[in-house]
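Here's a two-chain model to talk through, question by question. Have a look at it first, then see how the answers compare with your own reading.

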Amino acid sequence: MIGHERDIGDRTQPPWKSPVALSVFLHGLILVVALAGWSWTTPISDPVPPSISARLVTQAEPEPSPVVDVIDEPDRDQERQEAEEEQRRQAQEAERRRQEQERAEEARRIQQQKEQEQQRQAEAEQERERERKREAEQQAAKQKAEAEAKERARQQAEEERRREEAARKAEAERLEAEQERQKQEAERQAREERERQEAERKRKERERQLKESQLEALAQEAEQEREAEERRRKEAAAAKARQARMLSESEKYRGLIRQRLMSTWYPPASATSQMSTTLQITLLPTGELASVTVVSGSGNTAFDNSALSAATAVGRYPVPDDQQTFDAYFRQFPIEFNPENAQ
Amino acid sequence: MKNRVNRSAGRLSLLMFVMASLFVVPATGNELLIRITEGADSAIPVSVVPFAESGQMPEGDKVSRIIQNNLQMSGEFAPLPPEQMLSLPSKGSDVYFRDWRLLGQRYVLVGQVSNSGGTLRAQYELYDVSQEKRLVGATASAPVSASRSLAHHISDRVYEAITGVEGAFSTKLAYVTLERNADGAIYRLQVSDVDGKRARVRLESDEPILSPAWSPDAKKLAYVSFETGKPAVYVHELESGNRERVADFPGLNSAPAWSEDGRSLLMTLSKDGNAEIYRMNLATRDLSRLTNHWSIDTEPSYDHTGRGFFFTSDRSGGPQIYHKASEEAEPRRITFGSRYNARPRPGPSGRYVYYVHQRDRAFHIARTNLESGAETVLTRSESDESPSVSPNGRMLIYATKSGGESVLTVIAADGGAAYSLPASRGDVREPAWSPIVR
């Protein structure tokens, strides 16, 4: 920054406005005017021969070789005519050149004389000029050396300044880079921290959710357990009620069956109150008798037979419509025949 | 996890409990015994299908008709009139049980009778309709002249097959008829089948005949006859017609009763001044006095043991039934229900004693349960007398008044339907049921 300020001060006077440059420019201008003034002293009677340009041409440019167009195959006649035309034109040209050469020979001889004179004068002038020039050059060299020294110093300073500037800039850049790096590092760390925290948060969230879901599951299980318990209780109560209902229902049908059997049983004459026959009855759900067997006999054939006959005489047993009650009590049941009031 | 296992185990056990209970319930249901302690009051519906006949049949009732009547008379059966039958099968293979079930029948008797050379041959089968089971299948034969015996025999078989009690249809009845005409009264001692048929007069007299009693072998009758002008006890051999006056003491000679072995007679004698009960050894004519009381003791009858006896005594003021467990035992009063209970006749089982029972000026037949002392009046008619129990204990015959005349009526011993025997001419009284002759 400091260099910068210095630099601004130097730039107020550009280099071409320096005294050395002005001097050099003036010396050059004088030389040019002198030279132009010398040439203007040449007599006008001696105009510039056109041979000058010709000479320059002869010397400078060789005869160009004919163009051969290897690509086109032009018409032969036209080619021949063109070739003749060319021959004639070349002959005329050769003539014109010989004449011109003769005129140029003459001019050259005169010119040589003039030139020898002019050369002498020019050499003298040149000697003076060289003297003046040398002096000017010396002056200029001196000025130039000074300027150069100055320039070098300035350049050195400039260089120094630029170096410093660069160093400063580099330092700044380095610092900046460092800062950037640190910043990035910080950002990275922050980001990593954020990520870590996010991960932690997520993990905790997951744990929380898991815990919650576990708690929920536990609660749900407890609820289910309660419900199951309730259901079991209700089922037990219902089963009890059902059994009670079935029992009362079965009681009703047992009464009906008893009635039917009392009307179909003819206790034989031999029956006594001590006699007892137990039959096992198996019914179809329709109440029809599927089978009947004597579980325990009385020892009296007629008595056992009367029981069997009574049991089979009931065409259709009165049974409940309810299948469960039927299955529970009436699918198979025993009947005891025991005439309490017999002799 | 453990909890879950426990829970699922709990659920499993619950499931198993539920499933088990499904099987357990019927088992407990089996404990719910249905007990039948009473049967139908009505008589057993039985169908005696008229037997198919081949050959010359005897005059009179057909065999199947006799059987039907017998069963009807027992009071225990209600035979279906043949005109109500849907079919008349004569053998088991023709019996369609569904038909008989539709008719509400419990038993069906089918059979065929053929006469070959003067011999009646009966093939018969008894079926249990509800069980569709044959209870009896047999063949019996008898001379054509004994077709009623054949029918009674079949009746006995049928009766025993169904009731388990020996039939008494082949037994006899002894009774006395009184015919009054212009010359006076004619008493006849008669013997008939239990259905009153085939009656034959064994003794005819202008004087009263009383108290016929069957010997245990059913070959003799003891009775009281006034033929000499005063009562005497006679023993009458039926086959030969020989008769013997065994007791002709001064005063009262009455109410003979056979001992179990047929060697002795119980009788009432008043030779010692007061009516007392004696036992007479028929071989020696020796007497043993079995009662000794200032009141009247009469109408003795051996109990089922053959050692003790029942009798009537008014020692309590009016006639009542007493029992002596043995000849030496103290008499025990049996009846208390009314002021008049007389003429005891024990049943063969020893459980009941039957007698004439007065209630509200009417005389009925009643019985007392000797175990419980419970008295049951069996008849509703008003002048019932002389009860006699069938040897199987199932029927009771007694005399009663009907339309101004005395008739015999048979009822079930437990008081079932009454069956009046067809009366011969005039009054019929003093019936005595014979023992079963084996």
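This is a predicted model: local features need pLDDT of at least 70, side-chain atom pairs count only at pLDDT 80 or more; totals for chains, interfaces and linings use all residues.

Q: What part of chain A is made up of buried residues?
A: Buried here means under 20% relative accessible area. Chain A has 343 residues, with six helices and three strands among its elements. From the N terminus on, those elements run α-α-α-α-β-β-α-α-β. Buried residues make up 20% of the chain.

Q: Which residues make the nonpolar surface patch of about 400 Å²?
A: Start with A:Leu22, which sits in helix α2 of chain A, residues 19-40. As for spacing, an α-helix has 3.6 residues a turn, so residues three or four places apart point the same way. The patch is made by A:Leu22, A:Phe25, A:Leu26 and A:Leu29.

Q: How much area do chain A and chain B bury between them?
A: On the contact side, 44 residues of chain A meet 38 residues of chain B. Of the area buried, 52% is on carbon and sulfur atoms. The total comes to about 3600 Å².

Q: Which residue of chain B forms a salt bridge with A:Glu336?
A: The rule finds two salt bridges across the interface of chain A and chain B. In the one with A:Glu336, the closest N and O atoms are 3.0 Å apart, and the cut-off is 4 Å, so the pair qualifies. The partner is B:Arg35.

Q: Which element supplies the largest share of the side of chain A that touches chain B?
A: Between the two chains, 20 residue pairs are in polar contact. On chain A's side, α4 (76-264), β1 (277-283), α5 (301-313), α6 (323-330) and β3 (332-337) each supply at least two residues. The largest share, 13 residues, comes from α4(A).

Q: Why is helix α2 of chain B largely enclosed by the rest of the structure?
A: The helix covers residues 63-73, and B:Gly75, with a positive phi near 80°, follows it.

Definitions and conventions:
Residues are numbered from 1 along each chain as its sequence is written. Chains are lettered from A and ligands numbered from 1 in the order in which they are written. Side-chain values use heavy atoms; hydrogens and water are left out. Patches are made of residues with over 30% relative accessible area and no salt bridge: like charges are joined within 9 Å, nonpolar side chains (Val, Leu, Ile, Met, Phe, Trp, Tyr) within 5 Å. Accessible areas come from the Shrake-Rupley method with a 1.4 Å probe; for residues, only the protein chains shown count as cover. A salt bridge is a side-chain nitrogen of Lys or Arg within 4 Å of a carboxyl oxygen of Asp or Glu. Helices (H or I, at least four residues) and strands (E, at least two) are DSSP runs, numbered from the N terminus. Contact means heavy atoms within 4.5 Å. Buried area is the accessible area (1.4 Å probe) that two parts lose on being put together, summed over both. A polar contact is a pair of N or O atoms within 3.5 Å; within protein, one must be able to donate a hydrogen and the other to accept it, and residues adjacent in sequence count only if both atoms are side-chain atoms. Buried means under 20% relative accessible area, exposed over 50%, partly exposed in between (1.4 Å probe, protein chains only).
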